[in-house]
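Student: Can we go through this model together? I'd like to start with the aromatic rings and then move to a sheet.

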Amino acid sequence: MPNKGQSSSEGYGLLAPTLVVMGVALAAPLLLMVLTSLQAQSGPGFAAGWTLDQYGAVLGRASYRLLFLRSVAISAAVTLVTVALAYPMAYFVAFHAKHKFIWLVALTIPFWTSYLLRVFAWKIILGYGGVINSALMRLHLIDQPLGVLLYNPFAVVVTLAHAWAAFAILPIYVSLEKIDRSLLEAASDLGDGPLRRFLRITLPLSMPGVIGAAILIFVPTTGDYVTPALVGGTQGTMIANLIEVQFNSVGNWPLGAALSLVSMAIVAVIAGLFLASARAAAKAAR
Amino acid sequence: MSFLSIANVSKSFSGPPVVNDVRLEVARGEFFALLGPSGCGKTTLLRMIAGFETPDSGTIAIDGEAMNAVPPNLRPTNMVFQSYAIFPHLNVFDNIAYGLRKLKLPKDQLRARVEAILATVRLDGLGGRAADQLSGGQRQRVALARALVRESKILLLDEPLGALDKRLREAMQVELRAIQRKVGITFLLVTHDQEEALSLSDRVAVMHQGRILQVADPRTLYERPSCREVAGFIGEMNFFHATLREIAGETATVNAGILGILTLPAVNLAPGMKIDDHILLAIRPEHVRFAASGVAGDVAASTFLGERSHFHVKVAGRSEPVFVSGSAPPAGAVHLEFTPEKLIGLPSDS
């Protein structure tokens with residue numbers, strides 16, 4: 001009979017390739033970032049000695065704070081919109097679709113083209129002479145093309161919500177699919193109409209999927225760089241754009257590193273608070 | 001007017017009817033069982049009464065009210081599901097209170113009702129227990145309490161004891177019967193376990209391939225089955241092909257081939273039998289005895305069951321053994337004797 005030590009060493013053996021990749025590709029660069037953020041730029045190299053100046057600059061400057069705030073706000077809006085739109089779709093596939101597999105494949109079709117192409121597609125749809133504007137002009141609903149569609153936070157939210165839709169649909173679908181159908185029948189049997197049944201059984205039991213979807217979207221979109229750069233304009237610029245500028249144009253690596261780490265910390269704290277409050281809400285609902 | 005009235009109800013999904021022209025009348029306060037092998041349509045019938053399936057034709061009425069167009073949440077029925085369907089995100093108290101919330105009772109009244117039903121199913125003090133911390137037997141009781149607490153007109157039980165081990169099942173059978181007597185609600189039980197149906201119910205309907213073969217009290221069902229399927233499904237039964245020779249007064253005479261000429265009470269024949277009809281002679285193993293003379297045979301196999309034993313006796317000219325239940329015979333060749341008044345004549349299915 002294998003003892004515990006043996007099976008745990010076997011476990012680590014199986015994990016080894018992943019651990020190596022994680023160590024080399026994640027932990028080491030992260031450590032490097034931390035070290036870089038504690039330096040000061042001096043010409044093409046770093047000045048001697050360690051300093052917390054970069055963090056002072058990150059937290060002290062109002063324009064940086066605005067960018068952090070805006071990134072979180074846009075990302076929160078994207079999360080809200082995506083989850084709200086994904087839920088009915090996931091619900092449809094889980095409860096009403098006949099050919100689930102085909103639907104699930106169809107939902108991933110947008111991902112068969114590159115992310116960049118999809119962002120450009122939205123640029124064409126939302127642009128000044130784009131699909132929406134020319135259609136509205138043709139219908140004589142407007143005289144002048146609408147300028148409010150592109151190069152603002154709205155465009156960023158629309159584009160990101162579309163880009164991340166499948167990441168919200170799939171976890172919600174899985175949690176809905178997992179719900180034992182006899183629980184729904186039991187709720188009906190005990191007097192619930194469709195709406196009450198949804199609110200008392202389906203929604204609470206699908207919350208793990210909803211929370212998973214929210215985290216899955218909020219975390220990466222806060223740091224999204226391509227979408228705000230292409231469709232965000234000056235009003236839609238997010239923190240990742242500033243970080244890119246520090247590394248590529250300005251050449252202030254320590255400041256870029258500090259901005260990245262602070263942004264990571266903010267996301268971690270918000271995600272943590274979100275999870276904790278979701279858990280507390282689930283407990284209170286019992 | 002009976003309490004639950006099922007009139008000419010049929011239902012098919014795709015293919016042959018699962019429930020085929022079923023007629024059934026259940027009285028108020030009755031403990032009624034639908035008994036049949038899996039796939040016989042009993043669960044579908046139960047689900048139509050609960051409202052989860054719609055009959056293709058026919059009507060279901062409860063207490064004089066037609067139910068066909070009434071959705072499940074508005075029907076005066078509650079169900080104990082085979083899987084129990086305990087809400088995993090709610091504790092025992094909230095599971096049981098689930099169907100009462102709509103009534104908007106004052107808090108202390110709600111608590112009193114839930115606690116009373118918890119006491120009835122002997123789960124006192126377990127209200128705060130989380131759903132995933134319950135044993136199989138406790139889950140069964142919670143499911144029962146949750147359905148009972150609504151005090152609806154009919155309680156539907158879908159194989160409620162199927163998931164429990166044998167000892168727990170037997171204990172729950174006794175309790176289920178006691179609970180039904182106490183609350184006085186009509187219980188409609190679906191089961192494939194004949195012992196369960198016979199020991200619990202006032203009356204039993206035996207279903208086979210979507211049809212109801214016989215509705216009777218357990219004793220009649222055992223002693224006077226109406227056809228081969230019922231006789232074979234409930235307990236063990238020996239069948240012999242025979243020809244009806246004569247009906248003289250209260251005695252009928254049959255030619256049972258290898259068993260010779262036998263007489264039995266005429267009332268034991270299925271109605272409508274005529275002289276020279278091919279019939280199926282049936283007798284329970286406990287009514288076949290080893291004797292000094294009679295049909296000769298050899299014991300091919302025996303099973304010791306404690307109080308009595310079961311024997312398979314090979315008889316010349318017959319491929320199936322004769323089942324005998326009783327005490328051990330003398331060694332060597334045996335002779336079988338049949339208790340004439342326990343012989344019954346069923347319609348031949350060929």
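Tutor: Ring definition first. Rings of Phe, Tyr and Trp (its six-membered ring) pair if their centres lie within 6.5 Å; planes under 30 degrees apart count as stacked, over 60 as edge-to-face and the rest as tilted. Ring pairs link Y87(A), Y91(A), F95(A) and F198(A) into a cluster.

Student: What are the ground rules here?

Tutor: This is a predicted model, where local features need pLDDT of at least 70, side-chain atom pairs count only at pLDDT 80 or more, and totals for chains, interfaces and linings use all residues. Residues are numbered from 1 along each chain as its sequence is written, chains are lettered from A and ligands numbered from 1 in the order in which they are written, and side-chain values use heavy atoms, with hydrogens and water left out.

Student: How many aromatic pairs over all chains?

Tutor: The count is 12. Take F92(A) and W103(A): the centres are 4.9 Å apart and the planes at 80°, so this pair is edge-to-face.

Student: Which helices do F92(A) and W103(A) lie in?

Tutor: F92(A) is in helix 3 (residues 62-96) of chain A and W103(A) in helix 4 (residues 100-108) of chain A, so the pair ties together parts 11 residues apart in sequence. Helices (H or I, at least four residues) and strands (E, at least two) are DSSP runs, numbered from the N terminus.

Student: Where do R228(B) and its ring sit?

Tutor: R228(B) lies over the face of F239(B), 4.4 Å from the ring centre. The rule: NZ of Lys or CZ of Arg within 6 Å of the ring centre and within 35 degrees of the ring normal. R284(B) lies over the face of Y222(B), at 4.0 Å from the ring centre.

Student: New topic. What is the strand order in the open sheet of chain B?

Tutor: Six strands run 6-7-8-3-9-10, with mixed pairing. Two strands pair if DSSP finds at least two bridges between them.

Student: Which strands stand at the edges?

Tutor: Strand 6 (77-80) and strand 10 (211-216) of chain B. Each has a single partner strand, so one side of each is left without a neighbour in the sheet.

Student: In what sense do strand 3 and strand 9 of chain B pair?

Tutor: Strand 3 (residues 31-35) and strand 9 (residues 203-208) of chain B pair in the parallel sense, over four bridges. L35(B) stands opposite V206(B) in strand 9 of chain B.
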